[in-house]
Amino acid sequence: MKRLATLAGALVLSITLSGCGLHPLYAGGSSGPVAGALGQVEIAPIAGKNGWLMATALRDRLPSNGAPPLYRIDIRLDDAISGLGVRTDDSVSRERRTLRARYQLVRIGDGSVLLDATAGSDAGIDVVRSEYATIAAENTALERLSQIVADQIVARVALYARNTPAVAAAQGATPAK
């Protein structure tokens, strides 16, 4: 009886979700239209350590599918550390590291900008008496922020690929409504 109730619940949930217009973003898996479009995106070089971390995080999420790239992502980063908490001796006790990325998805063939957006996140850092520990915490925060911002960029580009008729048609599918 429990099995029948679980099965009935799953069926109702499936019917309900399909009726509300939700569509899987990565329908078709690695051979689907969104994955195909993401596999044809190259990452333009980004200057600095934070740029290397961001480009590496994006390449991990946008592996090439072997086809020549049709799109390029150009990124400008803004990385800042600001002091928040102050001790009685006027030294900083807490910092906030903020990483913001302005990115553009560019069609390589004609240089047209298809998507122009921003992504960003921040992290709190405890400032301790050990300068080494504080620097290590700042670096760890930058690594984590690069991963978070890369996830945001890939999600936005994937949504664009799914919802844009020209991109979906180039991958052999129809865009979701």
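This is a predicted model: local features need pLDDT of at least 70, side-chain atom pairs count only at pLDDT 80 or more; totals for chains, interfaces and linings use all residues.
Residues are numbered from 1 along each chain as its sequence is written, and side-chain values use heavy atoms, with hydrogens and water left out.

Reading from the N terminus, the elements go α-α-β-α-β-β-β-α-α.

The four strands make an open sheet, order 1-2-3-4, with mixed pairing. Here two strands pair if DSSP finds at least two bridges between them. At the edges sit strand 1, residues 41-43, and strand 4, residues 113-126, and each of them pairs on one side only. From one strand to the next, the twist averages 25 degrees.

Now the pairs, going across. Strands 1 and 2 are parallel, with three bridges, and valine 41 has tyrosine 71 in strand 2 as its bridge partner. Strands 2 and 3 run antiparallel, joined by 15 bridges; in that pair, isoleucine 73 stands opposite leucine 105 of strand 3. These two strands form a hairpin with five residues between them, and in the turn aspartate 90 has a positive phi of about 65 degrees. Then 13 bridges join strand 3, residues 92-107, to strand 4, again running antiparallel. Tyrosine 103 finds its bridge partner in strand 4 at alanine 117.

What packs on the sheet? Helix 3, residues 48-61, does, touching strand 1, strand 2 (71-86) and strand 3, and its direction makes about 125 degrees with that of strand 2. Helix 4, residues 131-163, packs on the sheet too, touching strands 2, 3 and 4, at about 150 degrees to the direction of strand 4. For the angles, axes are lines fitted to C-alpha atoms, for helices over the stretch in contact, and angles run from 0 to 180 degrees between N-to-C directions. Contact means heavy atoms within 4.5 Å.

On to the core. In soluble globular proteins, nonpolar side chains tend to be buried together. The largest nonpolar core in this chain has 34 residues, and those with the most contacts inside it are Met54, Leu58, Ile73, Ile75, Tyr103, Leu105 and Ile153. By nonpolar core I mean buried Ala, Val, Leu, Ile, Met, Phe, Trp, Tyr and Cys residues joined through side-chain atoms within 4.5 Å. Buried is under 20% relative accessible area, exposed is over 50%, and partly exposed is in between, with a 1.4 Å probe and protein chains only. Helix 4 gives the most to this core, with 10 residues. As for methionine 54, setting aside neighbours within four places in sequence, its contacts include Ile75, Leu77, Leu99 and Ile153.

One more residue: serine 93, in strand 3. Is serine 93 buried or partly exposed? Serine 93 is partly exposed, because its relative accessible area is 24%. Its C-alpha lies 4.8 Å from that of valine 127, 34 residues apart along the chain.

Among contacts between residues at least 6 apart in sequence, 63% join residues at least 24 apart.
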